[in-house]
Amino acid sequence: MAARKRRLEVENGLLFASLAEQVKEPFVQIAHAAELLRLHPGKNELEQLFTTITLTSESALKLIDGYLLNVRLQQASELPLEPVSLSSILYDTAQDLDSYARAHDCELDLQIKGKYGPVMGRHDVLRTALQSLGYAFIEAISQQENHSKLTLIARRTSKGMSTGMYSDIDTLSAQLFKQAKVLKGLARQPLSNFTAGSGAGVFVADALLARLKSPMKVSRYGGQNGLSLTLQSSGQLSLV
Amino acid sequence: MKQQTTEGIVLSRIDYGEADRIITFLTPEMGKVRVIAKGVRKQKSKLAGGIELFSVCTITYIEGKSDIKTLVSTRLQTHYGQIVKDIDRTMLGYEILKILSKLLEDEGGQEYYDLLLSSLEALDNLETPKDLAEASFLLRLMRLLGHLPEFTHDIKGRQMSSNDSLQFSFDDMAFFVAPSGPFSLNHVKLLRLLGHNPPGSLFSVKDLAKYLSELTPLVRQMSRQYLVSF
Amino acid sequence: MIILLLEPNRLLANQYKGYLENEGHKVIWKLNAQTGIGAADEQKPDVVIVELLLAGHSGVEFLYEFRSYSDWVNVPVILMSSVVQSAAGLSDGALQELGVNAYLYKPELSLEQLGRTLKLLVPSKQKRLKS
């Protein structure tokens, strides 16, 4: 018990360090937007300031929420799962990420393959995890010279319902992800070949999804690399 | 013209002429080897001029009349890519290359190559504390150069005991007993180990992090007496 | 003056670019170290502003490469980041070795301060460029 508590404390500390580094830039962006308005007062600058504040504070707050949710969930030894609609979670996530993606010149592509019933999971955990992951992917994509789009996918596989995010960034590999999870909070850029900065959104998502016993892994789909997880179908009949 | 192939680690690169670079490698048999890489600057299309830093390469060159050989080809064997994930380690890695590049003239050979290789390996393993990699490199280098201080006896030639409080004299490059000295026999034992063993073999030392944090400034100061400024 | 800006964050880059261009400078913005080297090769900058943390090769690696070319040895460089200099393990000696003229901590840096730092580094290139 004490060993588990100690391990979680260390994990949370490292995750917090990663998160703390990540949220500095949104504050810097807001400060600069305010400064630009002061230097050149005008309608455009005011609009820019509002947009910057809205977008950057939203992504930072979601990251912080994700971290806090993870800490709260650690109090429970077992997390009860419930039937959730994966497609509606993905639709909502895509909607949440849309304006952030546009601001970063990143296209969002939602692909929900086929019809299926609910899966066993937790709505709050999945939604928060996918949002965090989405923000991290969008930032990573926007850092590429020839960036393209972020693809959100849900599809049936032999192991269950798979959902994940994919992009053209081919440097994301299983080995990189495995090493990065060990290095988060310790190294400056654990995912340096994927994104500049700490990549906190990826690690927050990973921590949350681990609570569902659905760990993320690097996978390939449609010629793209990404991170995905697999959920089991609910035994309940779905009412259409 | 005779072609040679050897393993090597890049120490430095400088411009030469309009389009060429002179690259200095550290090799196991021949120590420092300088080669001209022709035409690599015509297109600045690859970072590190096509030859990665923090890597072991197999290099093939042609011996010429002068001291500088002509590079024919390089093939990457091992790239220590974890080092650059952390700025601190990147900077330490570059410092190590710089120190060896400046210090080694006619020396060289297997021992210095092994020192560099084990140091890069340690840095590449992000679970190795950076202080450990740094202290181990500096002390082993000092030993190879014949400058490693006396760690078995104190300044008076007496064997140190576990009850002694110790201070280090930079004038005499030895420990002496001092009532409020910050070091103990355990510190001295660790210094001895660091000067003779690669970092990987020292993980099991008890309270390693604590002793390292106390010893690293001392080791840096020692190295400044004999090596380039660090 | 011609400024080469290496900044992976698009929103921040647009803010720096917008401010500096308004001050009369030409800003060439690149996202990473590799394209930064290529851009400097195409048009030699009067000053380089580089973020320490870039995707792929870091700002330190960029500078080691950049400084290894004799044409660029004397180009002033501003290194900046959301990481405090001491936390980044960059001693003053290391910065000197890299030829870094100023290390700026982004959370404490206003756009006007950035502008003033540029003026101090490259005083002879303050003439406004015609658009």
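Select helix α5 of chain C, whose buried residues pack against α1 of chain A together with α1, β3 (47-51) and β5 (102-105) of chain C. This is a predicted model, in which local features need pLDDT of at least 70, side-chain atom pairs count only at pLDDT 80 or more, and totals for chains, interfaces and linings use all residues. Residues are numbered from 1 along each chain as its sequence is written, and chains are lettered from A and ligands numbered from 1 in the order in which they are written.

**Stop 1: α5 of chain C**

Helix α5(C) runs over residues 111-121, and its buried residues are L111(C), L114(C) and L118(C). A residue is buried if 20 or more other C-beta atoms lie within 10 Å of its own, exposed if 12 or fewer, and partly exposed in between, with C-beta atoms placed from the backbone. Helices (H or I, at least four residues) and strands (E, at least two) are DSSP runs, numbered from the N terminus. Look down the axis of α5(C): its buried residues fall within an arc of 55 degrees, so they line one face of the helix. The arc is that of the directions from the helix axis to the C-beta atoms. On the face turned away from the buried side, colour the exposed residues Q113(C), R116(C) and L120(C).

**Stop 2: α2 of chain C**

Next select residues 33-42 of chain C, helix α2, where A33(C), Q34(C), G36(C), I37(C) and A40(C) are buried. They cover an arc of only 165 degrees around the axis, which puts them on the same side of α2(C). To see what the buried residues of α2(C) pack against, show β1 (2-6), β2 (26-30) and α3 (59-67) of chain C.

**Stop 3: where chain C meets chain A**

Show chains A and C together: 21 residues of chain C are in contact with 24 residues of chain A. Two residues are in contact if their C-beta atoms, placed from the backbone, lie within 7 Å. Helix α1 of chain C (residues 10-22) gives the largest share of the chain C side, six residues. That side divides into eleven nonpolar, eight polar and two charged residues. Ala, Val, Leu, Ile, Met, Phe, Trp, Tyr, Cys and Pro count as nonpolar, Asp, Glu, Lys and Arg as charged, and the others, Gly among them, as polar.

**Stop 4: the helices of chain A**

Axes are lines fitted to C-alpha atoms, for helices over the stretch in contact, and angles run from 0 to 180 degrees between N-to-C directions. Angles under 35 degrees count as roughly parallel, over 145 as roughly antiparallel, 65 to 115 as roughly perpendicular and the rest as oblique. The contact of α1(A) with α2(A) has 18 nonpolar, eight polar and one charged residues.

Within α1 of chain A, pick out I30(A). I30(A) has 18 C-beta neighbours inside 10 Å and so counts as partly exposed. Leaving aside residues up to four places away in sequence, I30(A) touches T52(A), I53(A), T56(A) and S57(A). For a distance check, the C-alpha atoms of I30(A) and N70(A) are separated by 27 Å, and these residues are 40 apart along the chain.

**Stop 5: chain B as a whole**

The C-alpha trace spans about 65 × 35 × 25 Å along its principal axes. Of the 230 residues of chain B, 37% count as buried. Colour domain 1 (3-79) and domain 2 (128-226) of chain B separately; the bounds come from an automatic or database domain assignment. The C-alpha centres of domain 1 and domain 2 of chain B lie 36 Å apart.

**Stop 6: α1 and α3 of chain B**

Select α1(B) with helix α3 (residues 130-144) of chain B, which pack at an angle of about 10 degrees with their axes 11 Å apart. That makes α1(B) roughly parallel to α3(B). Here D88(B), R89(B), L92(B) and I96(B) in α1(B) meet K130(B), A133(B), E134(B) and F137(B) in α3(B). By class, this contact has four nonpolar, no polar and four charged residues.

**Stop 7: where chain B meets chain C**

Bring chain C back: 13 residues of chain B are in contact with 20 residues of chain C. On the chain B side, β1 (3-16) and α1 (87-103) each supply at least two residues. The largest share of that side, five residues, comes from α1(B).
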